[in-house]
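This report describes the packing, the pockets and some backbone features of one protein model. The sequence and the structure are shown first.

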Amino acid sequence: MNSPMIHFANQISRALISASKRSLPPRKWTPSLEQTLHRLGCRDSLTPSLVARVIDPFLLNHHSLALGFFDWASQQPGFSHTSTTYQSILKSLSISRRHFNTIDKLLNQVRAQKIGLDPSVYSSIIASLIRGKRTRDALTIFNEVSYEVSYGLGSGVCNSLLAVLSADGYMGDARKVFDVMVVRGVSMSTVGFGVYVWRFCRNAEVCETLSLLDEVRKGVSGVNGSIIAVLIIHGLCLESRVADALWVMDELRNRDCKPDFMAYRIVAEAFRLMGSVVDVEVVLKKKRKLGVAPRVNEYCEFIFALISEGRIWEAKELGEVIVSGNFPIEDDVLVALIGSISINYPCSAMLFFKFMVGRERVPTLLTLSNLSRNLLRHDKIDELLEVFQILSTKEYFSDMASYNVRVSFLCKAGRVKEAYEVLQEMKKKGLCPDVSFYNYLMEACCREDLLRPAKRLWDEMFASGCGGNLKTYNILISKFSKTGQAEEAHRLFCHMLEKGLVPDAMTYAFLLEGLCKEKRVKDALEVFDKSVKQDAMLARNLLTTFVLYLCKEGHFHAASRLLCGIVSDLGQSDSHVILLKCLLEAAEIPVAIEHITSVGKNSASMLPAICNKLVASVSSLSKAEPLLQLLQAMQERCPTLKD
């Protein structure tokens, strides 16, 4: 492609990205972006090559913009998409996990138009579907194209599909994928074939399992024999087929899948659980005579590959085999296991954590955070406390970063007492808590309705020279507002302004709600006025919320005066509609008519929009008659609405 076209494609993409940042919602395709394209003269220069180049590579990771540009091009006179444009948009959408329906729609168009796509595009789509846990859809596309382009799909995606089908229990479909790979000479990987044979061997005759292995050995493969041996033996023992596992060891060795110490231990432990002492000794003798030590690096690579493929259960099972036998394993593998497995298997994650600590190693703060978060998510509070206790004995907590992680999760777990003990522990060590630490503890106190301790923490903060930040004020203002202490919340609001801290939308919303509840309408209006002076857009977004708070407490006249008195560029028809609906529900028809009259005098141009939105919302009202009365009054005061 020539340089001028590349330059123009880059210019188009940069203009779209820049304009999308200013649109609502941001970074999404909106009709206003079409004006950007028109200003660039894009329509006159539109070709499939240009569209494809704009999307790939420039909009490749801006999926919504890429799709919007693709659709816009479709609507231009005389333009037709080609294989290059379809390939570019499908490549972009495959990176995302939220556009599967659109991908399916585009593929239907491709089929209808008999457009050929590069195998790499199908490979990207299948990989995306696997990542999105849409295994059946991935299989459908594989079946559709495998006999035509299987050579170009790549061994990676074929092995991933084989593994995920096996892991999800679709063994019949997995066998079909396996057969296609064998026939087409697609190289098998340890993950792909390993997960498949791991599941297959459990319910198949041993000779069938060995037959599978023979087929793989005849073709091109990069499978690790010792790992395959461990997986087959483990799978058999899971089904209590220990005698088969012992017998198959020699057969595996003859096929260059030499069982290592891990394989022998799996069989020995299975016999031990059965109480077969003699068989245990037989296995151990074989281990001493024929076994080899596991290759640490190979197992580490395999576990990392399992995790990256999303095969978490398999990674957990193999990890448990390693640590239960006290076999060597690298710290970074344990870290990866703890972080990934704790999401679904917190008890297994605890096993790996204790194994790591037992080897005089400790997790990183990131790993500790992931483990703590997932223990909390599974309501494993005792295990969480145990983790912190174990690490405390190892002097793990020694700086603010580590203490903040600890206290944050204690507070999230509602263990305020233990969090206070951490505060005392820090002070004994001469460490001064930072504002984040105080915020965690203060927020927990407020959540547990411990306002007096929260106030003491506030005093302690300032006494120690640690000034509060915006979050600190929001925590207390929110709690005071919700507990009928709006005056205290208002005092804090004034205090933060004196300190030069800028309130955000949450600050204003908390305070306005509390003030309205306690009938402090004048103070609420003054607070809202401060938001107007601070940031007009902020006030605009707060307006509807404020009107709702006023109406909820019956302050209808105050809400009406507010809306009729604000500057025109701040007012919104939505806010007026909210007020009017509240008035109708409260049967305050005269007040509603009075409000409409005021709007008609000050902003008559807004009446049609208000009228249309009221009519559209009739189904949400409990009674339609008051609305009809109001609409009639509106027409009498503004004749142009009759049309």
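In which helix is the place of Pro-57? Pro-57 is found in helix H3 of this predicted model.

Helix H3 covers residues 48–58, and its buried residues include Leu-50, Val-51, Ala-52, Val-54 and Ile-55. The packing partners of the buried residues of H3 are helix H1 (3–21), helix H4 (63–74) and helix H5 (83–95).

The peptide bond that leads from Asp-56 to Pro-57 is cis, and its omega is near 20 degrees.

## The largest nonpolar core

The largest nonpolar core has 217 residues. Phe-69, Phe-193, Ile-233 and Val-267 touch the most other members of this core. Because residues come from both domain 1 (1–117) and domain 2 (554–642), the core lies between these domains.

The surroundings of Phe-193 can be given in detail. Leaving aside residues up to four places away in sequence, Phe-193 touches Asn-159, Leu-162, Phe-178, Met-188, Leu-212, Leu-213, Val-216, Val-223 and Ile-228.

## The largest pocket

The largest pocket holds about 410 Å³ of space. Its lining is made up of 20 residues, and those nearest the centre are Ile-130, Lys-133, Glu-309, Gly-310 and Arg-311. By class, this lining comprises seven nonpolar, five polar and eight charged residues.

At least two lining residues of the largest pocket come from each of helix H7 (119–131), helix H9 (155–167) and helix H18 (312–324).

## The second largest pocket

For the second largest pocket, the volume is about 310 Å³. Fifteen residues would be too brief a description: of the 15 residues that line this pocket, Cys-237, Ile-266, Glu-269, Ala-270 and Leu-273 lie nearest its centre. Two or more lining residues are given by each of helix H13 (225–238), helix H15 (261–274) and H18.

H15 contributes the most to the lining of the second largest pocket, namely six residues. Eight nonpolar, three polar and four charged residues make up this lining by class.

## Positive phi values in two loops

Asp-449 has a phi near 60 degrees, which is a positive value in a residue other than glycine. Asp-449 is placed in the loop between helix H25 (435–447) and helix H26 (451–463). Asp-449 counts as exposed because its relative accessibility is 54%, and the cut-off for exposed is over 50%.

Lys-519, also a residue other than glycine, has a positive phi near 65 degrees. The loop that holds Lys-519 runs between helix H29 (505–517) and helix H30 (521–534).

Notes. Residues are numbered from 1 along each chain as its sequence is written. This is a predicted model: local features need pLDDT of at least 70, side-chain atom pairs count only at pLDDT 80 or more; totals for chains, interfaces and linings use all residues. Side-chain values use heavy atoms; hydrogens and water are left out. A nonpolar core is a set of buried Ala, Val, Leu, Ile, Met, Phe, Trp, Tyr and Cys residues joined through side-chain atoms within 4.5 Å. Buried means under 20% relative accessible area, exposed over 50%, partly exposed in between (1.4 Å probe, protein chains only). Domain bounds come from an automatic or database domain assignment. Contact means heavy atoms within 4.5 Å. On a 1 Å grid over the protein atoms alone, a cavity is a set of points where a 1.4 Å probe fits but cannot get out, and a pocket is an open set with protein on both sides within 12 Å along at least five of seven lines; lining residues have an atom within 4 Å of a point. Grid points are joined across faces, edges and corners, and a volume is the space filled by probe spheres set on the points. Helices (H or I, at least four residues) and strands (E, at least two) are DSSP runs, numbered from the N terminus. Ala, Val, Leu, Ile, Met, Phe, Trp, Tyr, Cys and Pro count as nonpolar, Asp, Glu, Lys and Arg as charged, and the others, Gly among them, as polar.
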